[in-house]
Amino acid sequence: MNKNIHIQGCLAGKILWVDLSKKRIWTEPSQEYNNLTLGGRGTNSLIMLRNIKIGTKWSDPENLLCFGVGSLVGTMAPGACRVDVSTINIFNRGKGSANVGGSWGAELKYAGYDNLIIVGKSKKPVYLYISDSLVELRDAQYLWGKDVFTTEFILRKTLGKEDIEIAAIGPAGENLVRGSAIIVDTAKAAAGSGVGCVMGDKKLKAIVVRGRGKIEIADPGRFMTIVEKTYQKCKQNPATRLMRQAPLNLYADSEWEGWYTNMVTRNGQDDYWESTKRQRLMNSQNGVPSMIKGVRACYLCPTGCLPFLEIERGKYQGDKGEGFWINTIMGHACRLDISEPEAVVESWILTNQLGLDGDYTASVISWAFELYEKGIISQKDTEGLVLNWGNSDSFLALIKKIAYREGIGDILADGISLAAKRLGKNTEYYSSQIKGQPSIEPFRIPKGWALAVSTSPVAGRHLRGATMGSIRYGPKPRPGNFNSTDYVGQAQGVVWQAKTKELEDNLGICSYVSTWSGANFLEVSDLLELINSGMGVNLCEEDLMEFYAVKGRNLEKVFNLLHTNLSRKDDLPPQRFMREKVKKGPYKGVKMDKNRYNKILEEFYTLWGWDTQTGLPTKTGLISSGLAEVVEPLIQRGKLIEK
Ligand code: SF4
């Protein structure tokens with residue numbers, strides 16, 4: 001199967017290239033790439049595949065840092081705000097990718113660009129200023145060393161403009177901390193794969209964007225009818241009202257099923273967090289929900305899921321910031337056994353301020369806490385910090401030490417694999433890592449979730465197919481059995497969710513207003529109508545799910561096969577979760593059964609059209625997903641099944 005489409009609307013039309021070594025700036029048309037992929041992450045993946053030579057390291061000037069704005073961003077489509085940030089994955093040399101919302105992407109589209117590709121390295125710190133066709137590299141020496149909040153404040157003050165959008169790194173990215181993020185609009189993080197570290201290595205402190213152009217729609221009348229229909233669908237959904245009025249209510253219910261299935265505690269020693277701690281953290285009277293001062297939304301989002309919090313008491317009084325998600329609870333609370341609401345909120349604000357990936361930070365620090373508990377490291381190694389469970393002062397101190405590479409923070413800043421080599425004593429066993437990237441995800445109880453996280457091409461994160469059994473997740477009617485704790489039917493659900501994520505990332509639609517929240521929000525049929533009317537094409541659902549989505553996944557798979565030695569063994573959950581059982585709670589005694597996991601992994605490979613035993617793609621599979629160009633290079637490396 002090969003699609004031959006010519007997109008006639010929704011695109012800005014150009015790819016902006018910036019070479020930091022040569023100080024050269026140029027553009028090329030984006031049409032051809034977008035016709036092949038539908039845009040966003042797909043286009044980033046194709047650009048990386050075609051332009052990065054095998055053997056390139058993340059720190060080589062030839063590595064690309066690619067910003068791909070989704071093809072519907074800049075239109076009125078609900079939740080169309082997302083940007084994919086792709087680069088060589090710092091943890092394994094494969095495909096790295098992170099995704100971020102806010103208004104930065106729409107601004108880049110209005111400036112005239114679908115993608116921004118950074119190549120080379122600057123000798124001195126610079127920031128990139130984009131205002132429509134004016135694109136300049138400017139000195140950023142005076143910003144180097146500043147945290148994200150201060151950087152944004154200074155840029156807005158010096159540029160004298162409120163209508164700019166900023167993507168910046170903090171001290172973590174400057175200091176080449178592997179778990180560094182790129183922060184947009186002070187709180188939205190493109191985190192994962194070390195994208196902030198790559199930006200820091202290129203000495204690019206920030207990207208400031210302002211755009212005044214417009215986006216043409218192929219069939220405006222039809223498109224707006226569908227926009228109105230989908231807005232109403234989102235707005236009338238009870239979940240939308242819940243998110244807007246009380247964004248943390250779901251977690252405030254201490255009997256919410258996610259507390260029992262998804263919360264890894266004390267660095268993976270258990271998957272049960274005590275009820276008193278849950279209630280203390282999320283109590284509506286004096287827990288995190290009591291700090292909500294408002295709810296914010298990304299560009300043109302009908303939902304809005306971003307609580308704005310202010311700490312009103314205790315030692316962090318007066319600190320405020322946006323965003324507190326399930327990851328905050330999973331990582332900064334349960335993993336560290338910290339139930340003090342103020343400390344957990346403070347830790348989240350701090351990671352944004354310093355430009356750290358919150359998941360990475362929680363994973364490496366909880367690992368250090370367990371090593372301390374086991375006597376493998378001591379106060380001599382931690383500059384006097386006592387790393388006992390629930391010690392929020394030590395947690396916050398370690399966050400700063402990592403960002404500034406001080407003391408033990410310098411070791412933790414290099415990720416767990418390198419740190420474990422330095423420490424020895426089988427310390428890697430206690431880590432939660434997938435393909436080298438530290439993770440905070442559950443691997444024992446929710447089987448489909450574990451499968452999605454373990455097989456994610458960008459390593460260890462849940463938004464590449466994770467499903468749960470609750471009514472919030474997955475397609476309706478659901479394929480197979482969606483009891484999250486069962487093995488049956490999980491591969492089918494994971495592949496469906498991963499395919500919809502491929503589409504959402506190409507279009508720039510937030511998963512939260514789309515299929516991640518269940519079919520009560522945008523469904524694949526809605527995405528199809530937006531694409532056909534907005535882009536002036538004539539596709540069907542099968543084209544989206546069986547061609548573009550499969551192609552998107554294969555693009556990343558092929559990049560990994562060409563650039564790394566990752567194989568089937570790297571699609572398994574961390575060993576610990578297949579050996580040690582849940583110790584307490586309703587799932588006491590549960591672990592991931594290796595044999596049964598291998599069976600669902602085989603089902604998963606089959607559903608993607610890959611070889612059941614090795615997970616390698618087949619020649620016919622790649623050709624039918626429009627990727628004939630990668631067949632020869634894969635054959636040369638012995639990474640293709642020739643059937
Ligand atoms: S649902 Fe939340 S993250 Fe998604 S676009 Fe809306 S506000 Fe942003």
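Reader: Hi! Which ring does lysine 557 lie over?
Author: Lysine 557 lies over the face of tryptophan 610, at 3.9 Å from the ring centre. Keep in mind that this is a predicted model.

Reader: Which residues do ring pairs link into a cluster?
Author: Four names to look for: Phe604, Tyr605, Trp608 and Trp610 are joined into a cluster by ring pairs.

Reader: How many aromatic pairs does the count come to?
Author: The count comes to 18 aromatic pairs. Take phenylalanine 67 and tryptophan 104: their ring centres are 5.4 Å apart and their planes are at 45°, so this pair is tilted.

Reader: Where in the chain are phenylalanine 67 and tryptophan 104?
Author: Phenylalanine 67 belongs to strand β3 (residues 65–69), and tryptophan 104 to helix α3 (residues 104–111). They are 37 residues apart, and the pair links distant parts of the chain.

Reader: Are those two buried or exposed?
Author: Phenylalanine 67 and tryptophan 104 are both buried.

Reader: Why is the pair of tyrosine 429 and tyrosine 430 called edge-to-face?
Author: Their planes are at 80°, and over 60 degrees counts as edge-to-face, so the pair gets that label. The centres of the tyrosine 429 and tyrosine 430 rings are 5.3 Å apart. Both of these tyrosines are buried.

Reader: New topic! Which residues surround the ligand?
Author: Here is the set: Cys81, Arg82, Ala297, Cys298, Cys301, Gly304, Cys305, Leu306, Cys510, Tyr512 and Val513. By class, that shell has nine nonpolar residues, one polar and one charged.

Reader: Which domains does the shell draw at least three residues from?
Author: Domain 2 (242–438) and domain 3 (447–520 + 540–636) each give at least three residues to the shell around the ligand.

Reader: Last one: where is histidine 332, and is it buried or exposed?
Author: Histidine 332 is in helix α12 (residues 326–334). Its relative accessible area is 1%, and histidine 332 is buried.

Reader: What is histidine 332 in contact with, leaving aside its neighbours within four places in sequence?
Author: With those neighbours left aside, histidine 332 is in contact with Asn327, Ile338, Val344, Ser347, Trp348, Thr351, Gly358, Ala362 and Phe395.

Reader: And how far apart are histidine 332 and serine 366?
Author: From C-alpha to C-alpha, histidine 332 and serine 366 are 8.9 Å apart in space, and in sequence they are 34 residues apart.

Definitions and conventions: Residues numbered from 1 in each chain as written. Predicted model: local features only at pLDDT ≥ 70, side-chain atom pairs only at ≥ 80, totals over all residues. Heavy atoms only, no water. Near = heavy atom within 4 Å. Nonpolar A, V, L, I, M, F, W, Y, C, P; charged D, E, K, R; others polar. Domains from an automatic or database assignment. Phe/Tyr/Trp six-rings, centres within 6.5 Å; stacked < 30°, edge-to-face > 60°. Helix = DSSP H or I, 4+ residues; strand = E, 2+ residues; numbered from the N terminus. Buried < 20%, exposed > 50% of the residue type's maximum accessible area, 1.4 Å probe, protein only. Lys NZ or Arg CZ within 6 Å of the ring centre and 35° of its normal. Contact = heavy atoms within 4.5 Å.
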